[in-house]
Amino acid sequence: MIKLVNVEKTYYSKAGDIAALKKTNLDIKDGEIFGIIGLSGAGKSTLIRCINMLEVPTGGQVFVDGKELTAMNKQALRQARQSIGMIFQHFNLLASRTVRDNIAFPLEIQGKSKAEITKKVDELLDLVQLHDRADYYPSQLSGGQKQRVGIARALASDPKVLLSDEATSALDPQTTKSILALLRDINQRLHLTIVMITHQMEVVKQICDRVAVIENGNIIEEGTMYQVFTEPKETTTKEFVATVNDMTVPAILNTADMQQTYFDGSKVLVHLTFLGNADEPVVARLIKNYGVDVNIISGKIDYLKDMPYGTLLVEISGSKESLATALDYIHQAKVKEEVIGYVS
Ligand SMILES: Nc1ncnc2c1ncn2[C@@H]1O[C@H](COP(=O)(O)OP(=O)(O)O)[C@@H](O)[C@H]1O
Ligand SMILES: [Mg+2]
């Protein structure tokens, strides 16, 4: 649905040139929710604005729905842009217009009839559940409600693609959840392709199918959300994952004498992670079949989209031999393990 081929963007100025986006290739499929995550200044907004040509790339080609936007004249581009909606961090609503009139705005510009506009706006108000606020002004709405208006307005011309530039960054966690749920609902109901720019791993974790990590204008890692989450490769990616998946050993554990190999009488600290339903009772088998004791230090079950994701920190004690065979078993079992070290 969206294809970027060697897209580059350099901002030229007297103070110096900034290569905000280096040769970038992306292939975003029809109907998927694609996340692009990066720190502030990484080039995320530049990248997403190149997709709808709000920023004209200094090199490369942009294709949306099979058409090359970078080869179009102004008029063709204006037409093509109608199939690309966009929402923003600060909503960008018109303060002097009511909710209804904000949503109607793009349709007025397209010269639609009054009757058509009313019908469409009513549908959209239903979709984002704002019918009771139709005659309010933006200043009378909460952040979440403002973003719902932004979403409705972006969908007014029945786009195939929705671009979201940090659309939940100004919202509290609870409101963020409800906006993400709405976006997911729209994605499924309307088969809309969504590109989510964010600096929050929480957003990626809740709704993205695939994700790319951007740093200094380069895409440094890309994969399914599950891959990136469970097996991050680059340092920056690992740091993003750590923001929602705290794997640090609790301070109450005395790890002062921790070593990387077995020493006399030591126990081994292991992090276990499960993705999907744990169909193998790993802890029970360890105790039953390997002659070791397992002490659970901490654990939680979370969700990656709809998939259960469990993390467990355990301390395993037993003889040197039984610890070794227990670790072999864990390694072969359907869990991911990370041996943190041996403690007394
Ligand atoms: N219009 C512009 N003119 C000059 N430099 C810009 C402009 N927009 C962005 N930049 C620079 O490009 C880099 C990437 O910015 P941006 O795409 O906004 O990053 P992000 O959205 O990830 O925070 C930054 O160094 C920023 O200062
Ligand atoms: Mg930005």
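The structure is a predicted model, so please read every value below as computed from it. The protein chain has eleven helices and 14 strands. Of its 344 residues, 49% are buried.

**The chain as a whole**

- Taken along the principal axes, the C-alpha atoms of the protein chain fill a box of roughly 80 × 50 × 35 Å.
- Among contacts in the protein chain with a separation of 6 or more, 70% are between residues 24 or more positions apart.

**Helix α3 against helix α4**

- Helix α3 covers residues 99-109 and helix α4 covers residues 114-127; their axes come within 10 Å and cross at roughly 125°.
- The crossing of α3 and α4 is right-handed.
- On the α3 side, the residues that meet α4 are V99, R100, I103, A104, L107 and E108, and their partners in α4 are I117, T118, K120, V121, D122, L124 and L125.
- Sorted by class, this contact of α3 with α4 holds eight nonpolar, one polar and four charged residues.

**Helix α3 against helix α5**

- Helix α5 spans residues 143-154, and α3 packs with it at an angle of about 30°, the two axes being 8 Å apart.
- α3 is therefore roughly parallel to α5, as angles under 35 degrees count that way.
- This crossing, too, is right-handed.
- V99, N102, I103 and P106 of α3 make the contact with V149, A152 and R153 of α5.
- Five nonpolar residues, one polar and one charged make up the contact of α3 with α5.

- The buried residues in α3 include V99, N102, I103, A104, P106 and L107.
- Those buried residues of α3 pack against α4 and α5.
- V99 and I103 take part in the contact with α4, and V99 and I103 also belong to the contact with α5.
- As a general point, residues three or four places apart in an α-helix point the same way, because there are 3.6 residues a turn.
- Just after α3 comes G111, with a positive phi of about 75°.

**Helix α5 against helix α6**

- Helix α6 runs over residues 173-190; the axes of α5 and α6 come within 10 Å and cross at roughly 20°.
- α5 and α6 are therefore roughly parallel to each other.
- Their crossing is right-handed.
- G144, Q147, R148 and I151 in α5 meet T175, S178, I179, L182, L183 and I186 in α6.
- The class count for the contact of α5 with α6 is five nonpolar, four polar and one charged.

- D209 sits in the loop between α7 (201-207) and β9 (210-215).
- With 27% relative accessibility, D209 counts as partly exposed.
- Although D209 and I33 are 176 residues apart in sequence, their C-alpha atoms are 5.4 Å apart in space.
- A polar atom of the D209 side chain lies 2.8 Å from the backbone nitrogen of I33.
- Leaving out neighbours within four places in sequence, D209 is in contact with E32, I33, T224, M225 and K305.

**K44 in helix α1**

- K44 belongs to helix α1, which covers residues 44-51.
- Its relative accessibility is 7%, so K44 counts as buried.
- Not counting residues up to four places away in sequence, K44 touches I36, I37, G38, L39, E166, I197, T198 and I214.

- F91 is not a glycine, yet its phi is positive, near 70°.
- F91 lies in the loop between β6 (84-88) and α3, and F91 counts as buried at 11% relative accessibility.
- N216, also not a glycine, has a positive phi of about 50°.
- The loop between β9 and β10 (218-224) holds N216, and N216 is exposed, with a relative accessible area of 53%.

Terms used:
Residues numbered from 1 in each chain as written. Chains lettered and ligands numbered in written order. Heavy atoms only, no water. Helix = DSSP H or I, 4+ residues; strand = E, 2+ residues; numbered from the N terminus. Buried < 20%, exposed > 50% of the residue type's maximum accessible area, 1.4 Å probe, protein only. Contact = heavy atoms within 4.5 Å. Polar contact = N/O pair within 3.5 Å; in protein donor to acceptor, adjacent residues only side chain to side chain. Axes fitted to C-alpha atoms, helices over the stretch in contact; angles between N-to-C directions. Left-handed = near helix turned anticlockwise from the far one by under 90°. Nonpolar A, V, L, I, M, F, W, Y, C, P; charged D, E, K, R; others polar. Parallel < 35°, antiparallel > 145°, perpendicular 65-115°, else oblique.
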